[in-house]
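Dear colleague,

Please find the structure below, handed over for your own work. A summary of what was found follows it.

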Amino acid sequence: MTRIAAVSGVVPPHRYPQGELAGAMAALCLPRGADRRVLERVHASAGVATRHLALPLARYPELDGFGRSNDAFIEAALALGEAAVASALDRADLAAEEIDLVVSTSVTGIAAPSIEARLAARLGLREDVRRIPVFGLGCAAGAAGVGRLDDFLAGRPRGVALLLSTELCSLTLQRSDSSTAGLVASALFGDGAGALLAVGAEHPRHAEGPGPLVVASRSRLYPGTERLLGWDIGDRGFKIVLGAELPDLVRLHVAEEISSFLAAHDLKPDGITAWICHPGGPKVLDAVAETLGLPYSALELSRRSLAAVGNLSSASVLHILQDTLALRPPPPGSYGLMLALGPGFSSELVLLRW
């Protein structure tokens, strides 16, 4: 089985309390003289205490078009991506030239050459490294990426694969977007990156390491939900599509999908020790917990991550896995479930065993 050798989550240095961000978002998103009470209520109820931004807050009024925002994305994504990968390599005691595959994901900016290609020489990747840049999986891409590393390493059991997520959600902010979805996005999403290194079952140094094994993964699309989550892309860049019915869909379908996936491996939700659950927002976490009958402690690290850094899209599950390993390392033989939801509407599940 594929083994996770290391994971690293990083954030930009510009950290702000939620109250200060609410004031800044009101100035950017609301018409002059508009009532700020709805925005302030949304920010207060988002479960977020602080967030890190790619740029100092004072620079965001300068981003007057998609071109400037995307230029800022590339610059910040390169810095954060390099730091995340370097940290993961150090933790795994691996060299960059040992990496056979890079899956890189982001849904908050566009780069061609892609981010991992621009980082290749800086990191010391081989010239023949395989690369798969991914766009469009959104928040689900962190979990999906782990599954795709496992697929690759099943056929290359002595190999090494890297997942890199760089998500700079603040740079997608749409000026004068006072829609409910826009206000919710302005309250939830933060900036960060994550890197995860995995090795094949016959890797000469890490096949017997302490990191969790990838037991199985599952992807699921839910027909008729395409307009529930994603982007509308226009002249000014990315505008959030975020349906209010998302928690209800989690209750209706996703919990059943989780139970079915676990049952295929003779497991039930109460047999999972570690829940590496993408935080989404408080209502999504509540829906997962309620429908699966989970205690509050099961998703505590997801709630803690949401409070500390916000929703980091695909990078969130990598940050939460890092916190799990550091703060609550599961005992040997126990199981964990990585769960993330994304556009499509879709779910991605990864079963782990320590």
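Asp93 is placed in the loop between helix H3 (66–92) and S4, where helices (H or I, at least four residues) and strands (E, at least two) are DSSP runs numbered from the N terminus. Asp93 has a positive phi of about 55° although it is not a glycine. At 56% relative accessibility, Asp93 counts as exposed (over 50% relative accessible area; buried means under 20%, partly exposed in between, with a 1.4 Å probe and protein chains only).

This is a predicted model, in which local features need pLDDT of at least 70 and side-chain atom pairs count only at pLDDT 80 or more, while totals for chains, interfaces and linings use all residues. Residues are numbered from 1 along each chain as its sequence is written, and side-chain values use heavy atoms, with hydrogens and water left out.

A positive phi, near 55°, also occurs in Ser313, a residue other than glycine. Ser313 lies in the loop between H9 and helix H10 (316–327), and counts as buried at 3% relative accessibility.

Two cis peptide bonds deserve mention. One runs from Ala112 to Pro113, with omega near 5°; Pro113 is in the loop between strand S4 (101–105) and helix H4 (115–123). Another runs from Gly344 to Phe345, with omega near -25°; Phe345 lies in the loop between S12 and strand S13 (346–353).

As to the chain overall, its secondary structure comes to 10 helices and 13 strands. With 354 residues, a compact globule would have a radius of gyration near 20 Å, and the chain agrees at 19 Å (taken over C-alpha atoms; the globule rule is 2.2 Å times the number of residues to the power 0.38). Of the 354 residues, 58% count as buried.

In helix H8 (residues 282–292), the buried residues include Val284, Leu285 and Leu292. Among the elements that cover the buried residues of H8 are helix H7 (246–263), strand S11 (272–277) and strand S12 (335–342). Just after H8, Gly293 takes a positive phi of about 65°.

Finally, the count of disulfides comes to 0, a disulfide being a pair of cysteine sulfur atoms within 2.5 Å. The sulfur of Cys139 is 7.1 Å from the closest cysteine sulfur, in Cys169, which is too far for a bond. Cys139 is buried, with a relative accessible area of 10%, and Cys169 counts as buried at 9% relative accessibility.

Yours sincerely

Conventions
Contact = heavy atoms within 4.5 Å.
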